[in-house]
Amino acid sequence: MYCTHMRGSTAYMCAMLRMYEKNTMNNGGNKMANEQEIRQEMCEIGRRVYERGMVAANDGNFSVKLNNNEFLCTPTGVSKGFMTPEHICRIDAEGRLLEANGDFKPSSEMKMHLRVYKERPDVQAVVHAHPPYATTFAAAGIPLEKPVLSEAILTLGKVPVARYGTPSTREVPDAVAEYLPYYDAMLLANHGALTYGDSLMNAYHKMESVEFYARILYQTHMLGGARELSSEQVGDIYEIRRKSGMTGKHPALFFDKISGIK
Ligand code: 13P
């Protein structure tokens, strides 16, 4: 049980945090599921990503860690909105194919995914998508860092922009590596967004949160600018995060000041 020592004014935030964890960890966690269930869940997440417009055409990819040397991943060049479990491929930690049906081949971005698993042993699933608002910020090279939404501050903190790398090359994993120890979400310059977590649902929910945050930042900018929370208000939320038992990394755990984006 966490948040037991927080002030009364933080009760809502604590309740929200518990709800978030319930939704992201217990629903769809891959520790209890067998491989077939995981494949089905990957198809379900594919439909959500596609139907919510977080990718166009065949874009996006995701993966799930089965054990230290086996990973399930989406196939390259296939719409994530129409996948069936047979489309899913299995690879090892070096990216070598272990199993695929027919002509399906693993996503071209698996070097990036495998780097996440390598640097972050706590991660069980990785999601890469091109949600339009987040990708707009990525294309403009602007990190998501204005403190305007309590939920975004709590769950994401800030979302940095990893430098551009040619898709499918080593440049991409090398670019994301510097942020992996501190963040669970990042924008990929001129490309899209990357999220990861201790279950596929958790990683996917972070992608939703990133897109929602980017959209609100964009829309408030159109209205002349958001009213930002004060450093004290942000500090209170960071304190909740520090004292919570929430999994994953958050910049509040590493940087004292809201301005301290790496
Ligand atoms: P894949 O179809 O190879 O997964 O690539 C899609 C994509 O979005 C690349 O960034």
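What share of the contacts between residues at least 6 apart in sequence join residues at least 24 apart? In this predicted model, the share is 69%.

**Figure 1. Overview of the protein.** The secondary structure consists of 8 helices and 8 strands. The protein has 262 residues, and 42% of them count as buried. Among contacts that link residues at least 6 apart in sequence, 69% are between residues at least 24 apart.

**Figure 2. The largest nonpolar core.** This core holds 61 residues. Those that touch the most other members are Val127, Val176, Met186, Leu187, Ala193, Leu200 and Val210. Helix H7, residues 200-222, makes the greatest contribution to the core, with 9 residues. In soluble globular proteins, nonpolar side chains tend to be buried together.

**Figure 3. Surroundings of Val176.** Val176 is among the core residues that touch the most other members. With its neighbours within four places in sequence set aside, Val176 has contacts with Met112, Arg115, Ala162, Met186 and Leu194. Of these, Met186 is also listed with Val176 among the core residues that touch the most other members.

**Figure 4. Helix H7 and the residue Gly224.** H7 is made up of 23 residues. From its first C-alpha to its last, H7 spans 33 Å, close to the 33 Å expected at 1.5 Å a residue. Gly224 follows the helix and has a positive phi, near 105 degrees.

**Figure 5. The shell around the ligand.** The residues surrounding the ligand are Asn58, Asp59, Gly60, Asn61, Thr74, Thr76, Gly77, Ser107, Ser108, Glu109 and Pro167. By type, this shell has 8 polar, 2 charged and 1 nonpolar residues.

Key:
Residues are numbered from 1 along each chain as its sequence is written. This is a predicted model: local features need pLDDT of at least 70, side-chain atom pairs count only at pLDDT 80 or more; totals for chains, interfaces and linings use all residues. A nonpolar core is a set of buried Ala, Val, Leu, Ile, Met, Phe, Trp, Tyr and Cys residues joined through C-beta atoms within 7 Å. A residue is buried if 20 or more other C-beta atoms lie within 10 Å of its own, exposed if 12 or fewer, and partly exposed in between; C-beta atoms are placed from the backbone. Helices (H or I, at least four residues) and strands (E, at least two) are DSSP runs, numbered from the N terminus. Two residues are in contact if their C-beta atoms, placed from the backbone, lie within 7 Å. The expected span of a helix is 1.5 Å times one less than its number of residues. A residue is near a molecule or strand if its C-beta atom, placed from the backbone, lies within 6 Å of it. Ala, Val, Leu, Ile, Met, Phe, Trp, Tyr, Cys and Pro count as nonpolar, Asp, Glu, Lys and Arg as charged, and the others, Gly among them, as polar.
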